[in-house]
Amino acid sequence: MAGVLGLAACGGSGGGGGQAAQSSAATGGGKQQVEVFSWWTGPGEADGLQAMKKIFEERNPNYTFFDAAVAGGSGDKAKALLQSKLQADTPPDTFQGHAGAELQGYIKAGDLEDLTFLYDELKLKDVFPAQLVDQISVQGKIYSVPVNIHRSNVLWFNPKVLKEAGVAAAPTTIEEFVADLEKVKAKGKIPLSVGSEWTVTHLLENVLLGTLGTDAYNALFKPGADWNSPQVAKALENFKTILSYAGDPQDDWQPAAKQVADGQAAFTIMGDWAYGYFHNPPEGGLGKKSKEDFDWAPAPGTGGTYLWLSDSFTLPKGAKNRDGAIAWLKVAASKEGQDAFNPKKGSIPARKDADQSLYTDYLADALKDWSSDKLAGSIQHGVSVSQPWLAAINEAVGLFIAGKDVAALQKALAVAAQANAQ
Amino acid sequence: MRRARSWLPGLLLVSPSIVAIGVFVYGMLGWNFRLAMTDQHDEVSEGEFVGLKNFVDLWDVPRWHVSVDHAVMFTVVFVLGALLLGWFLAFLMEKGIRGEGTFRAVYLFPMAVSFVATGIVWRWLMNSGTGERAVGLNRLFDVIGLPQWQWFRDPDWGMAAMAIPAIWQMSGYVMALFLAGFRGVPEELREAARVDGCTEWGVYRHVVLPLLRPVTLSALIILGHISLKVFDLIVAVSGKQIVTDVPAVFMWVAVFDAHDPAKGATIASYIVLSVAVFVIPYLVWSVRKERRS
Amino acid sequence: MTAVVTRRAGAATWVRFGLLLAFVVVFLIPIYVLLATSFKPLTEADPGQAWNLPRTWTGEAWRVAWEKLSPGLWNSVLLAVPGALLSCALGSMNGYVLSKWRFPGADVLFTLFLFGMFIPYQGVMIPLVQLLVKLNEWTGLQGVFYGGIPGLVLAHVVYGIPICTLIFRNYYVTIPDELVEASRVDGAGMLRTYWSVVLPVSAPAFAVVIIWQFTSLWNDFLFAVFLTSPTSWPATVMLNNIAGAQATPYSQQMAAAVLASIPTMLIYVLLGRFFMRGLMAGALKG
């Protein structure tokens with residue numbers, strides 16, 4: 001125990017980072033565990049985590065990486081478990097969370113340390129895009145280190161099915177999209193495949209962005225934003241129209257994506273984690289050929305905008321091994337760490353200085369767009385809305401799927417925004 | 001009443017359990033009801049006493065009505081289904097049949113398997129694709145000429161489908177209970193009824209069924225409380241979707257997703273109360289009945 | 001397992017036999033899908049081919065599942081065996097006292113106990129975690145009550161008290177009071193009477209409780225994931241990490257599911273006959 005305290009004191013004084021931690025831990029003797037809490041257990045994501053672990057343990061011979069991953073749809077179970085740990089004041093040394101508003105609750109509860117010192121020390125504000133730093137800052141402070149960037153607004157499609165239906169190119173506007181859905185429907189294929197209810201919220205955020213445009217979309221999450229506007233009403237009407245072309249809901253996004261890959265469905269709108277699923281060999285993938293069996297484009301009406309989300313790591317207050325956690329955050333923030341993790345996870349690094357040669361095919365496109373596009377934050381994946389807000393939105397969408405009542409949906413969304421925007 | 005010296009050792013022997021139940025059951029229930037009567041709608045605030053406000057407000061939430069309706073439908077289908085199927089299986093085996101041990105083992109074994117394990121299979125089996133996209137049971141039904149269903153994704157009858165895995169799991173237990181009940185009816189009673197000129201069906205109606213009433217009642221209680229608390233199954237098969245929402249899932253969402261402790265506690269209170277409403281009379285009744293006999 | 005052929009063998013028996021057989025097929029459908037899929041290579045493991053037998057049989061999924069699951073299996077044994085035995089001990093003593101050695105208010109207490117069965121556990125998970133963390137602090141035993149198997153056993157045993165007490169009590173009510181009285185007259189105390197008169201005839205009730213508790217301890221996910229830490233995770237949490245991830249090595253998931261269920265199935269087979277006798281003893285009492 002004394003060794004840990006000594007380390008903590010050492011880390012608190014700032015100084016030489018990884019190197020200092022190493023030497024002081026060596027004098028303390030014995031290996032210290034660093035408990036890393038995440039929801040990455042699947043192929044790809046778990047491999048990426050292992051790659052970062054390797055780098056972490058090479059750089060920090062005195063620490064062992066302790067994997068505390070709990071699986072379950074976008075971290076549902078992990079988040080619940082985390083909640084109980086935080087409330088009992090027994091946090092893991094570091095935990096995964098979507099960067100952005102998802103962390104608001106933890107920040108308000110005083111569970112997280114401000115990481116500005118780390119950003120200053122590692123000069124992270126220079127290597128992360130300014131818009132990103134801006135969108136994850138809370139009153140000038142930053143509470144997490146983004147390790148990757150995913151894109152939400154991707155329209156995946158089956159080129160063969162489109163050709164068969166007489167659709168020449170991927171639709172770029174909502175109107176074109178609806179027209180194309182109609183053409184596919186006429187051919188008897190599923191125009192748009194969807195999964196469980198959260199994938200419909202995912203669709204909603206894309207339709208909102210596609211209808212409203214980037215600035216109006218981003219404004220929705222500011223305090224006092226008007227969700228009762230006719231523009232939002234129009235977006236929700238679009239949402240209803242598009243949803244009317246959806247096939248039977250599948251169990252989750254994978255079976256929905258598979259319908260596209262297998263040529264049963266034409267389109268699906270899903271985040272770019274779908275790329276790995278389409279492309280990777282079996283053991284977590286379908287082994288399909290890109291551009292041939294499946295292809296992609298920005299979701300209709302969202303070209304030029306990167307609807308982003310990011311997995312990030314935090315520093316909980318009262319972590320048993322604070323220094324070890326900081327050492328982990330340094331790996332997560334490093335070029336080497338991000339370039340090891342992301343090609344396996346199927347995402348792009350948050351840093352601007354990544355080794356571009358590692359990112360091919362879809363990921364090369366993503367990297368290019370990331371450097372030039374405007375940014376908008378995802379709803380379903382925790383960037384723009386807090387957890388209670390998201391829960392309210394998901395509830396509204398779930399009820400909408402059953403009732404298809406646009407007015408009720410808009411009212412519920414407005415109430416949710418009023419209660420939660422800050 | 002015997003003297004204290006004779007009953008005190010008994011009380012001592014039970015006292016660890018009394019303490020444990022006191023803390024873990026009643027302590028937690030007290031914590032829960034207290035929380036439900038505050039306005040602590042996030043984890044940070046202290047929460048002021050607001051009486052029964054949360055209990056009233058919940059009825060203004062559309063989702064609450066959906067989840068209650070679902071729970072009622074699930075309960076009716078599950079309890080009746082498991083009861084009837086369990087009874088029927090026991091009825092078929094009552095008089096003994098070749099391979100009875102094997103039959104019993106097969107019917108009982110679903111109880112041994114957790115829904116963490118079988119959730120995926122039920123998702124496959126109850127896939128809502130139809131026609132050429134049918135997989136799972138719909139494919140099977142297609143082949144043998146039965147109609148195809150939306151299963152648990154049907155907005156109106158979905159919860160009835162959700163009861164199928166639950167019936168699969170519990171009807172074996174009900175079968176065992178009834179079989180034990182059938183076997184517990186003394187042969188002399190049946191014989192006496194036959195001598196009195198009863199037909200086999202008459203024997204069954206007038207002798208066996210009345211004696212099965214207590215078994216039926218305890219099966220009803222066990223099934224009923226499982227049904228009102230049902231959570232694992234639904235989360236394993238469908239996740240936390242509104243189309244299969246029930247109060248237990250809603251509670252989870254309120255506590256862990258919406259971070260609204262008071263709302264979660266209110267829903268938990270309603271679950272406990274709804275269970276209590278039909279369990280307490282049963283408990284009182286059975287204890288009294290026993291004392292009389 | 002003795003085959004009893006009824007007096008009125010004939011058409012009716014065959015109809016009954018046929019119906020029972022049909023239900024066996026229905027009951028085994030999910031297991032067929034589990035088993036068939038678990039022997040498929042990853043490319044074949046797909047809902048669309050759920051009904052097909054594997055075209056290429058492979059044990060690969062089983063190997064991977066075993067690799068991922070085996071650390072958890074041992075934890076599950078450490079959890080389920082002591083948990084089931086402790087539940088038996090407590091339940092048996094409670095049942096004995098509440099049926100044969102009553103004290104004033106015993107019936108009220110029994111009713112209060114039973115109510116414990118009906119708590120929705122998800123609702124009390126947060127205070128429960130806090131309580132166990134406090135127990136760690138008070139006792140100075142870090143990682144025992146919260147974060148270790150003992151705490152998980154404690155939670156299961158405590159929440160199992162109601163059902164175990166109920167089963168034992170209903171069973172002991174069927175033991176004639178005279179036996180206990182006779183022992184008393186002979187001068188035996190409460191514990192001696194329990195040991196020499198009641199315990200020897202308790203096997204069926206033990207079987208029911210062991211089956212019930214072993215199954216719920218072994219299969220529980222909720223308590224396990226909240227109360228333990230990764231080194232003490234039982235098999236269900238590992239299984240969830242294989243089966244619950246956003247990825248689709250279906251054959252591994254299904255092999256792991258079968259693997260994790262084998263011990264409980266074994267318990268059913270081993271204790272099956274006692275189980276029936278135990279149920280039978282309590283059946284007509286309600």
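Let's start with chain C, where an unreviewed UniProt entry lists "transmembrane region" for residues 12–35, 73–97, 109–133, 153–172, 193–215, 221–243 and 255–276. UniProt positions are given here in the numbering used for this model, feature names are shortened, and such annotations may be inferred rather than shown by experiment. What you're looking at is a predicted model, in which local features need pLDDT of at least 70 and side-chain atom pairs count only at pLDDT 80 or more, while totals for chains, interfaces and linings use all residues; side-chain values use heavy atoms, with hydrogens and water left out. Residues are numbered from 1 along each chain as its sequence is written, and chains are lettered from A, with ligands numbered from 1, in the order in which they are written.

Take two of those listed spans. Residues 73–97 of chain C are 100% helix and 0% strand, with end C-alpha atoms 36 Å apart. Residues 255–276 of chain C are also 100% helix and 0% strand, and there the end C-alpha atoms lie 30 Å apart. (Helices are DSSP runs of H or I with at least four residues, strands are E runs of at least two, and both are numbered from the N terminus.)

Now for the neighbours of chain C. With chain B, the contact (heavy atoms within 4.5 Å) takes 93 residues from chain C and 94 residues from chain B. The size of an interface is often given as the accessible area lost when the parts come together. Chains C and B bury about 8,900 Å² between them, 78% of it on carbon and sulfur atoms; that area is found with a 1.4 Å probe and summed over both parts.

How many salt bridges cross between chain C and chain B? The rule, a side-chain nitrogen of Lys or Arg within 4 Å of a carboxyl oxygen of Asp or Glu, finds 0.

Over at chain A, 23 residues of chain C are in contact with 28 residues of chain A. These two chains bury about 2,200 Å² between them, 60% of it on carbon and sulfur atoms. Here the rule finds 1 salt bridge: A:Lys258 pairs with C:Asp46, their closest N and O atoms being 2.8 Å apart. The elements of chain C that give two or more residues to this side are helix 4 (125–139), helix 9 (222–227) and helix 10 (235–243). Helix 4 of chain C provides the largest share, 4 residues.
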